[in-house]
Amino acid sequence: MLAGKIHRATVTEVNVDYEGSITIDPNLMEASCILPYEMVQVLDITNGARVDTYAIAGERGSGRICVNGAAGLLVHEGDLIIILRFLQVGPEEARCMEPKVVRVDARNRIISTTNKVEA
């Protein structure tokens, strides 16, 4: 089940020489309930690329979203992305689960946080 997402974040940096992962401002991680080293899926709105990786915390309050390693060949600085986290849950919990949705501005500052995905 979708458990959380950061919607329309702007990639601020790419580092293909890093071993892997996506570096995220801890304020955004906490707002979306993404844990350090948790697997996340990155959807590139700009070019359609989809990447599975893991999250690491960057500098708090920086708005930094850095795509590291090989994913940096698919996702580029300035691209708009969605970062998703998923959980495996039982059927009862799945029926009432609502993901934490964090919407950000062009500088990756939080605009709103809800427990609802809008169609």
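Trainee: Which residues of β6 are buried on one side, and which on the other?
Mentor: I65 and V67 are buried on one side, and C66 and N68 are buried on the other, so both faces of β6 are covered. Buried means under 20% relative accessible area, exposed means over 50%, and partly exposed is in between, using a 1.4 Å probe and protein chains only. Strands here are DSSP runs of E with at least two residues, helices are runs of H or I with at least four, and both are numbered from the N terminus.

Trainee: Why do they split into two sides like that?
Mentor: In a regular strand the side chains alternate between the two faces of the sheet.

Trainee: Before we go on, what should I know about the model itself?
Mentor: It's a predicted model: local features need pLDDT of at least 70, side-chain atom pairs count only at pLDDT 80 or more, and totals for chains, interfaces and linings use all residues. Residues are numbered from 1 along each chain as its sequence is written, and side-chain values use heavy atoms, with hydrogens and water left out.

Trainee: Okay, what does β6 pair with?
Mentor: β2 pairs with β6 in the parallel sense over three bridges, while strand β3 (residues 22-24) pairs with β6 in the antiparallel sense, also over three bridges. Two strands count as paired if DSSP finds at least two bridges between them.

Trainee: Which residues face each other there?
Mentor: V14 is opposite V67, and N15 has N68 as its bridge partner. I24 is partnered with I65.

Trainee: How does the whole sheet run?
Mentor: It's an open sheet of nine strands with mixed pairing, in the order β2-β6-β3-β5-β4-β7-β1-β8-β9. β2 and β9 (110-114) are the edge strands, each pairing on one side only. On average, neighbouring strands are turned by 25° against each other, direction ignored. Those angles use axes that are lines fitted to C-alpha atoms (for helices over the stretch in contact), and they run from 0 to 180 degrees between N-to-C directions.

Trainee: Back to I65. What does it touch?
Mentor: Leaving out residues up to four places away in sequence, its contacts include A9, V11, I22, I24, L28, I81, I83 and N108. Contact means heavy atoms within 4.5 Å.

Trainee: And which residues touch the most other members of the largest nonpolar core?
Mentor: I6, I22, I24, I65, I81 and I83 do, in a core of 21 residues. A nonpolar core is a set of buried Ala, Val, Leu, Ile, Met, Phe, Trp, Tyr and Cys residues joined through side-chain atoms within 4.5 Å.

Trainee: Which element gives the largest share of that core?
Mentor: α1, with three residues.

Trainee: New topic: how many salt bridges are there?
Mentor: Five. Each is a side-chain nitrogen of Lys or Arg within 4 Å of a carboxyl oxygen of Asp or Glu. One of them joins R64 and E13 at 3.0 Å, N to O. R64 is in the loop between β5 (50-57) and β6 (65-68), E13 is in strand β2 (residues 13-15), and they are 51 residues apart.

Trainee: Are those two buried or partly exposed?
Mentor: R64 is partly exposed at 28% relative accessibility, and E13 is partly exposed with a relative accessible area of 28%.

Trainee: What about E38 and R85?
Mentor: E38 forms a salt bridge with R85, with the closest N and O atoms 3.1 Å apart. E38 lies in the loop between α1 (26-32) and β4 (39-44) and R85 in strand β7 (residues 80-86), so the pair ties together parts 47 residues apart in sequence. E38 is buried at 12%, and R85 is buried at 9%.
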